[in-house]
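Visitor: Please take me through one part of this model in close detail. Then connect that part to the rest of the chain.

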Amino acid sequence: MMIGTSAVLSLRGGITLSYLGILAAASLADWNTRVIPDFCPVMIMLLGVVTAWMYPEEHTLTERLIGALIISVPMLFMAVMAGGAFGGGDIKLTAASGWLLGWQVMLPAAAIGILSGGSYCIWMLAKGKLTRKGRIAFGPFLAAGLSAACLFGEEMLEWYLGRSS
């Protein structure tokens, strides 16, 4: 049975919307409770499995595996070495998203998350609402970077690398 073009576009759109919805849920939960529920990365991993099966030409399994590890492993290392610099939910969310999106767009996603989260911390420090030992929910900033990477990652990379046509 052949799947029509509109059905394929609908499936891709549905996967993208589902991913963005999961990121929104993770952001809200982390902002309110400082915990990203485990179902969020699990659902993202399932979306990654579906896309790997339905669109094997999109990312190789190696690209997906590197995507899962390229940001999450350094985050895990920093969390262990710096006494919880990142929470487990942030690390799992990053790993699952890397599996779904591939490694290339994880770099701008992390950059956006770190820059926006860092800017927020500086602002809160300047207002006196956060101390140097204070902690923030990083999930919403990470989700913003992951959302931008999902929607515009390739374009961001082309712009950064100067290969825009």
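Guide: Start with the buried residues of H2. They are Cys40, Pro41, Ile44, Leu47, Gly48, Thr51 and Ala52. Together they cover an arc of only 140° around the axis, which puts them on the same side of H2. The helix itself runs over residues 39-54, 16 residues in number. From its first C-alpha to its last, H2 reaches 22 Å, close to the 22 Å expected at 1.5 Å a residue. Keep in mind that this is a predicted model.

Now the chain around H2. Its secondary structure comes to seven helices and zero strands. Along the sequence the pattern reads α-α-α-α-α-α-α. Of the 165 residues, 37% count as buried. The C-alpha trace spans about 60 × 40 × 25 Å along its principal axes. The radius of gyration is 17 Å, which agrees with the value near 15 Å that a compact globule of 165 residues would have.

Next, the empty space. Rolling a probe the size of a water molecule over the atoms shows where such space is left. The structure holds one cavity of 30 Å³ or more. The largest cavity has about 30 Å³ of space. Its lining is made up of Ile71, Met75, Phe86, Ala110, Ile114, Phe138 and Leu142. By class, that lining has seven nonpolar residues, with no polar and no charged ones.

Then the open sites. The largest pocket has about 550 Å³ of space. It is lined by 23 residues, and those nearest its centre are Gly84, Ala85, Phe86, Ile136 and Phe138. Two elements give two or more residues to this lining: helix H5 (88-101) and helix H6 (106-126). H6 gives the most, with four residues. By class, the lining of the largest pocket has ten nonpolar, seven polar and six charged residues. Phe86 and Phe138 line the largest cavity, and both are listed among the residues nearest the centre of the largest pocket.

The second largest pocket has about 360 Å³ of space. Of the 18 residues that line it, Thr16, Glu58, His59, Leu101 and Cys150 are the closest to its centre. Helix H1 (5-33), H5 and helix H7 (139-161) are the elements that give two or more residues to this lining. H7 supplies the largest share, seven residues. By class, the lining of the second largest pocket divides into ten nonpolar, four polar and four charged residues. H5 links the two descriptions. It is named for the lining of the largest pocket, and H5 is named again for the second largest pocket.

Finish at the surface, with Thr131. This residue sits in the loop between H6 and H7. At 54% relative accessibility, Thr131 counts as exposed, because the cut-off for that class is over 50%. Compare its position with that of Met75, one of the residues that line the largest cavity. Thr131 and Met75 are 56 residues apart along the chain, and their C-alpha atoms are separated by 22 Å.

To return to H2: its buried residues, including Ile44 and Leu47, lie on the same side of the helix.

Methods. Residues numbered from 1 in each chain as written. Predicted model: local features only at pLDDT ≥ 70, side-chain atom pairs only at ≥ 80, totals over all residues. Heavy atoms only, no water. 1 Å grid on protein atoms, 1.4 Å probe; cavity = no way out; pocket = protein on both sides within 12 Å on 5 of 7 lines; lining within 4 Å. Points joined across faces, edges and corners; volume = space filled by probe spheres on them. Nonpolar A, V, L, I, M, F, W, Y, C, P; charged D, E, K, R; others polar. Expected span 1.5 Å × (residues − 1). Buried < 20%, exposed > 50% of the residue type's maximum accessible area, 1.4 Å probe, protein only. Arc of directions from axis to C-beta. Rg over C-alpha atoms; globule rule 2.2 N^0.38 Å.
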